[in-house]
Amino acid sequence: MIKITFPDGSVREYAQGTTSLQIAESISPRLAQDVLAAGVNGETRDLSRPIEEDAALKLYKWEDEEGKHTFWHSSAHLLAEALQELYPDIQFGIGPAIENGFYYDVDPGKDATIKDADLPVIEKKMQELAAKKERLLRREVSKKDALKLFGDRNETYKTELIAELADGTITTYTQGAFTDLCRGPHLPDTSPIKAIKLMSVAGAYWRGDEKRPQLTRIYGITFPKKKLLDDYLALLEEAKKRDHRKIGKEMELFTFSQNVGQGLPLWLPKGTQLRLKLEEFLKQIQKEYGYQQVMTPHIGSKMLYVTSGHYAKYGKDSFQPIHTPEEGEEFLLKPMNCPHHCEIYKAFPRSYKDLPLRLAEFGTVYRYEQSGELHGLTRVRGFTQDDAHIFCSPDQVKTEFIKVMEIIHIIFRALNFNDYEAQISLRDPNNKEKYIGSDENWRQAEQAIIEVCEETGIKAKIELGEAAFYGPKLDFMVKDALGRRWQLGTIQVDYNLPERFELEYIGADNQRHRPVMIHRAPFGSMERFVAVLIEHTAGKFPLWLVPDQAVILPISERFNDYAEEVAKELKKNDIRVIIDDRNEKIGRKIRDNELKKIPYLLIVGEKESENNEISVRKQGEGDAGSMKIATFAELLTEEVKRQMNQW
């Protein structure tokens, strides 16, 4: 017999070799119907795998992230099975589950192509196969047998993957006539997959390498009920309306130019004003928390990034070195701000009395993203981080970490990001070569983050393998108005860069000590944050932040002079106001300015000019009546104060 411990702490005994599905059946037939996968001692597994020893068990349903991941992973295999029937010469790359759905990278075969127009036919075939309730059978195979199995089928992409795997670790899954190389986990059979939608076709280089073959990537999503698919498609339609690229153009916030270069945004005056307001907001908070502003160059010596380790880790993703006329002199466009801040720390001898030293910079960095991965402001080649680095003694780490968490919470409250969760991102213990630094450094850094979360009562999910190469981190995952998750705000504990840069301070014992470095970026990058903020608010920014708080609309040219007088009075009260004096009908002006999401529309005509008033129309609410200019100024100022007092 084996002991199974459930999440509520209760323990039951079962015969050795009992499966998770059998355990679910012993609890409730309904639970057995709904469960999709199982967590056995922290590992997500197939429900059909026997449990051979005492274990902690979690049963995952559709509502659980692990359940969705298993569902979509099995759906990727269903897609591949359908493609195999429709395209006999097809070869398969990889087919993972992703945050919303799944994809599969395929080579359709000689003279074959797969286009968006082909997706309905593939969907229909998937529905046919799902209805057969085919079982997904897991099998452990030797490396030799795996190479033969996929080699006999001329699966060059799969055999390349197998060649890199260790013998004794290889598994396959079979459903119907389709067998795939896969670690799993998967559904017991295909019957839960009821609603299927293939979303799009794109190109993807094999293993992300531009020098390798380009494969066809098919994106899809599936659900256990049709209503869930209908709701998701409706959500996508709403997302299209909120697309930051569309709203950014309508509100004249930013643009791109092929002459400037792909992935290099140009901030227009209104977008610049929005961004500067965000920067001023954070700078004021940082001032209260004892930060000092610094500025560093946009380039640095290649050796700077060799020392930091960034060149070894990100050299392929950086722009190529800049060579000067001086022989052997090489520079890189700055990929990270932290090495520069380390050099600022080293500029003077430091004492324990100088710590913590908090250096902040809105520093622009550059990464060479492949053109196919660029997307509006969310994926660019040049972006500005709201970066800061705190140099402190080991006993100050927790206190400083908590202060950074306070700053992030202030920002989220101010911008109505009220639904978020924390994620502790740790090193992958089975793949340490991805990281720099000693085991002891990592142990201390990881323990500090875990203890801070425990002491502050933050419930944080632990993710292995998601740490930065130099240290673990606490990431904040925010849900926007459409329920989509974005990583905004990160805090990282780093014992390694201070070591690589030989940073020191003289302690109270008059001995040399190594400081600890905390990296933090509450916004992350200004570009990506603004994109998320646009889509979260649909462009209806808080009044304190919006570039134009009001627009004055003269009914005709006769009232342009009065409009100027109104604007002058409002600007005396620090109200950001513009005038739309185009020779257009008032109805057209109202429609155009509502599209630009300006909170207040101030209409002026004969009656208003005679009474020294304005007719006020509020975005989304309609007419608010006529009032004196001073009354409106007071009303708007009070509204801004109320918003700012919330945080």
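Mentor: Let us begin with a definition: Ala, Val, Leu, Ile, Met, Phe, Trp, Tyr, Cys and Pro count as nonpolar, Asp, Glu, Lys and Arg as charged, and the others, Gly among them, as polar. Please also bear in mind that this is a predicted model.

Trainee: With those classes, how do the residues that line the second largest pocket divide?

Mentor: The lining of the second largest pocket contains 11 nonpolar, 2 polar and 7 charged residues. There are 20 lining residues in total, and Q33, D34, L36, P192 and P224 are the ones nearest the centre of this pocket. Its volume is about 570 Å³.

Trainee: Which element gives the largest share of that lining?

Mentor: That element is helix α2, residues 29-34, which contributes 4 residues.

Trainee: How many cavities of 30 Å³ or more does the structure hold?

Mentor: First the general idea: rolling a probe the size of a water molecule over the atoms shows where empty space is left. In this structure there are 2 cavities of 30 Å³ or more. The largest cavity has a volume of about 90 Å³. Its lining consists of M251, L253, K270, V546, P547, D548, I578, K596, K597 and I598, which by class gives 6 nonpolar, no polar and 4 charged residues.

Trainee: Which residues line the second largest cavity?

Mentor: They are D46, S48, L136, Y173, H186, L187 and P188. By class, 4 of these are nonpolar, 2 polar and 1 charged. The volume of the second largest cavity is about 30 Å³.

Trainee: In what order do the 3 strands of the open sheet with β17, β18 and β19 stand?

Mentor: The order is β17-β19-β18, with antiparallel pairing. Strands β17 (299-301) and β18 (322-323) are at the edges with a single partner strand each, so one side of each has no neighbour in the sheet. Strand β18 is joined by 2 bridges to β19, residues 330-333, where H323 faces E330.

Notes. Residues are numbered from 1 along each chain as its sequence is written. This is a predicted model: local features need pLDDT of at least 70, side-chain atom pairs count only at pLDDT 80 or more; totals for chains, interfaces and linings use all residues. Side-chain values use heavy atoms; hydrogens and water are left out. On a 1 Å grid over the protein atoms alone, a cavity is a set of points where a 1.4 Å probe fits but cannot get out, and a pocket is an open set with protein on both sides within 12 Å along at least five of seven lines; lining residues have an atom within 4 Å of a point. Grid points are joined across faces, edges and corners, and a volume is the space filled by probe spheres set on the points. Two strands pair if DSSP finds at least two bridges between them.
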